[in-house]
Amino acid sequence: MDEKEFENIARNLKTFTPQMTQNPYHGIATFFGVPFQPGPENIDIAIAGVPFDLGVTNRSGTRMGPRELRNQSLLVGAYNHHSQMTPCALHRIADLGDVPFRGVYNLEEALQDIEAFFRKIASAGVVPITAGGDHSITYPILKGLAPKKPVGLIHFDSHCDTAPSIHGSAVAHGSPMKNAVEAGLVDPEHAIQIGIRGSSEILWQFSYENKMRVMHIEEFAELGWKKVVKEIRDLMGSRPVYISFDIDCLDPAFAPGTGTPVAGGMSTLEALQTLRGLKGLNVIGGDVVEVSPPYDHAGITALAGATIMFEILCLAAEARAGTCR
Ligand SMILES: [Mn+2]
């Protein structure tokens, strides 16, 4: 790195909040140390938590995700060594806290609460980056964003999450992508699902029927992240894109703390390289879901999750800077 780049970093450091310059264990944890504020006023990007896991089919615990992601995020932000970018130097970014819920025993009602929260963010013209929560939250988030046209979807997961009704419910963490396509929120022909594997293949018929691009983990490994990046970029073009990252896309060696782990996934580095390759896409929001701290060890899943959240934040910040100019 040359002198000019060091000067650039030093200039951006001045935009740091006190939290960002403290030791990571000190004070009240917010995502990446950005300031907390209760609503989306006068900001460009909102980071929020959805402590919710009523939609799971197996192990619960992702309701604890946002708190632990905040904790680990203080080891991650606020500077990205790869893109040499400091998102909070480009934009006004705040932690909006967690979605408030009317109750904790009613799935449908809770999904309405999530939708209302994100509708408020979208109405303020603010880009949301979200920490889950189980994967059922992606559907009400997209509903809240209420895009004028169906958006492109870049979906990292070991499951396609396009399952038909499970245990009598059409909404759950195995079906948010089906829900979103059916509601006209996602364009299935501009949706790619990466890292797919395991015994649930029978549930993903909807993806194939609707021409979603399903990329199994073996194909990802064979192509390598550079070719995958090219395919994603070609598929998305300049359209608005939402990124949803289920932490179980990673191999359980890198992310054991999750509800439905499936062996044989990608490494954290492969995920980061792929995400970094998406710089310049029109990213309008994203989420990291399914981090379940009770099943985690030494915080490694939450650290991976927070690191991936930061990459998505940087992509959204780049996109937003492009549209502001
Ligand atoms: Mn999922």
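**Helix crossing and backbone notes**

I started with the crossing of H5 and H6, which is right-handed. This is a predicted model. The axes of the two helices, H5 and H6, come within 7 Å and cross at roughly 40°. From H5, I listed Leu111, Ile114, Glu115, Phe118, Arg119 and Ala122; they meet Pro140, Ile141, Lys143, Gly144 and Leu145 in H6. I sorted these contact residues into seven nonpolar, one polar and three charged.

Next I checked H5 itself. Its 17 residues, 107-123, should span 24 Å at 1.5 Å a residue, and the end C-alpha atoms are 24 Å apart, so the two agree. At the start of H5, I found a side-chain oxygen of Asn106 within 3.2 Å of the backbone nitrogen of Glu108. After H5 comes Gly125, with a positive phi near 75°.

I then looked at burial. Among the buried residues of H5 are Asp113 and Glu115, along with Phe117 and Ile121. Their cover includes strands S1, S2 and S3 as well as helix H6.

Last, the torsions. Most residues other than glycine have a negative phi, and most peptide bonds are trans. I noted a cis bond from Gly77 to Ala78, omega near 5°. Ala78 sits in the loop between H3 and H4. Another cis bond runs from Gly132 to Gly133, omega near 10°. Gly133 is in the loop between S3 and H6.

Gln84 has a positive phi of about 50° and is partly exposed at 31%. Glu290 also has a positive phi, near 75°. I placed Glu290 in the loop between S8 and H12. Buried or exposed? Glu290 counts as buried, at 1% relative accessibility.

Definitions and conventions:
Residues numbered from 1 in each chain as written. Predicted model: local features only at pLDDT ≥ 70, side-chain atom pairs only at ≥ 80, totals over all residues. Heavy atoms only, no water. Helix = DSSP H or I, 4+ residues; strand = E, 2+ residues; numbered from the N terminus. Expected span 1.5 Å × (residues − 1). Buried < 20%, exposed > 50% of the residue type's maximum accessible area, 1.4 Å probe, protein only. Contact = heavy atoms within 4.5 Å. Polar contact = N/O pair within 3.5 Å; in protein donor to acceptor, adjacent residues only side chain to side chain. Axes fitted to C-alpha atoms, helices over the stretch in contact; angles between N-to-C directions. Left-handed = near helix turned anticlockwise from the far one by under 90°. Nonpolar A, V, L, I, M, F, W, Y, C, P; charged D, E, K, R; others polar.
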